[in-house]
Amino acid sequence: MDSVIAVNDLTKTYKKTDAVKGISFKVKEGEIFGFLGPNGAGKSTTINMICTMLPPSSGDITINGFNVNKQKDRVRESIGIIFQENTLDEKLTANENLMLHCRFYKVPKSKRQERIQEVLEIVDLVDQRKDRVETFSGGMKRRLEIARGLLHYPKVLFLDEPTVGLDPQTRAHLWEYILKLKEKEGITMFLTTHYLDEAEISDRVAIMDRGEIIALDKPTELKNQLGGDMIELSTEDNQKALEEIKAKVEGAEVSVHDDTIYLKVASSDAFISSFIKTLDIPITKLNIRKPTLNDVFLAFTGRRIGESDDK
Ligand SMILES: Nc1ncnc2c1ncn2[C@@H]1O[C@H](COP(=O)(O)OP(=O)(O)OP(=O)(O)O)[C@@H](O)[C@H]1O
């Protein structure tokens, strides 16, 4: 099978809000598919519909060949879900939590201990299997949830903001596990995130904004589409600098966000030396870099991810 998830013209309207406005896309077998967008873009609504937890207003979703509206149970058997919130029973041990899930998903009795051992190995928690979850750190709990999501051999794993609330080091560690998992079990992963670095790890990224998919491609392709270099600049008087740039500088797309002026240019090598000479106002910060997914988002929406709508 080529595509594991096929979404066709999917919509969701809450009372007054069109949260998802007719999106279509396919997720290929074995890929990490990232769903990136600011808060309120419609990511959770979409993932909840794909996972059978929320009925769509209209549209079709197929997972592993099963129709999400008509074959809910078959869909549920073939997917694993890691939610944003902790859904472990803190009073139980790691092993007891996993055993419960095995029963719930009807993993055959003879296979349960072997499978629990396998998934605990993947997330490095074998030695803690008899410890109560309430003694675990945030990162360990997340790892245990991932282990639990894997128990019933799902073909697709859904991770809704899997690292939200974790410190950067724990996030990085968790990613090592997620990538190991992809290699070891060949699972297709559907990930929602508003962290740009996490979206970068995905094989393909759909960027969602206000209920629509505004771009979908490999992260490198999305950034290549923009081309050129980004120059970030602060000066002693940004307002004056902006006026000067608009009056004197050619060959740059200019935008301002917070206390930074952004210039998109074809090549910073050719641009920068004459630019610095042109500007009369002292520069306090200068940074040259390649475009990021945030620049892609900016190019499509006029905003940066994390910035509110009214900016
Ligand atoms: N149960 C609900 N009832 C009414 N409106 C809702 C409901 N759930 C979500 N919405 C609205 O639908 C839109 C999309 O929300 P959604 O939670 O899917 O976005 P998101 O991209 O997942 O954001 P976040 O990262 O904050 O979870 C928002 O405008 C939100 O306020």
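The following legends describe close-up views of a predicted model.

**Figure 1. The two domains of the protein.** The chain is divided into domain 1, covering residues 3-218, and domain 2, covering residues 228-290. Between the C-alpha centres of domain 1 and domain 2 the separation is 41 Å.

**Figure 2. The residues around the ligand.** The shell around the ligand consists of Tyr 14, Thr 17, Ala 19, Gly 37, Asn 39, Gly 40, Ala 41, Gly 42, Lys 43, Ser 44, Thr 45 and His 194. Helix α1, residues 43-50, supplies the largest share of this shell, namely three residues. Sorted by class, the shell holds eight polar, three nonpolar and one charged residues.

**Figure 3. The open sheet of β12, β13, β11 and β14.** Four strands make up this open sheet, with antiparallel pairing and the order β12-β13-β11-β14. From one strand to the next, the twist averages 20°. In general, the strands of a sheet pair through backbone hydrogen bonds, in either a parallel or an antiparallel manner.

**Figure 4. Strand β13 and its partners.** Strand β13, residues 260-265, runs antiparallel to strand β12, residues 252-257, and six bridges join the two. Strand β11, residues 229-235, is also antiparallel to β13, to which it is joined by five bridges. Val 265 of β13 is the bridge partner of Ala 252. Val 265 is likewise the bridge partner of Asp 229.

**Figure 5. The hairpin of β12 and β13, with helix α9.** Two residues lie between the strands of this hairpin, in which Asp 258 adopts a positive phi near 50°. Helix α9, residues 238-248, lies across β11, β12 and β13. Relative to β12, helix α9 runs at about 165°.

**Figure 6. Asn 64 in the loop between β4 and β5.** Asn 64 belongs to the loop that connects β4 (58-63) and β5 (66-67). Although Asn 64 is not a glycine, its phi is positive, at about 50°. Is this residue buried or partly exposed? Asn 64 counts as partly exposed because it has 18 C-beta neighbours inside 10 Å.

**Figure 7. Asp 124 in the loop between α4 and α5.** The loop between α4 (109-122) and α5 (138-150) contains Asp 124. Asp 124 is a residue other than glycine, yet its phi is positive, near 60°. With 15 C-beta neighbours inside 10 Å, Asp 124 counts as partly exposed.

Figure 8. Ile 5 is part of strand β1, residues 3-13. Why does Ile 5 count as buried? Ile 5 is buried because 22 other C-beta atoms lie within 10 Å, and the threshold for a buried residue is 20 or more. Apart from neighbours within four places in sequence, the residues in contact with Ile 5 are Lys 26, Val 27, Ile 50, Ile 63, Val 156 and Phe 190.

Conventions: Residues numbered from 1 in each chain as written. Predicted model: local features only at pLDDT ≥ 70, side-chain atom pairs only at ≥ 80, totals over all residues. Domains from an automatic or database assignment. Near = placed C-beta within 6 Å. Nonpolar A, V, L, I, M, F, W, Y, C, P; charged D, E, K, R; others polar. Pairing = 2+ DSSP bridges. Axes fitted to C-alpha atoms, helices over the stretch in contact; angles between N-to-C directions. Contact = placed C-beta atoms within 7 Å. Buried ≥ 20, exposed ≤ 12 C-beta atoms within 10 Å, placed from the backbone.
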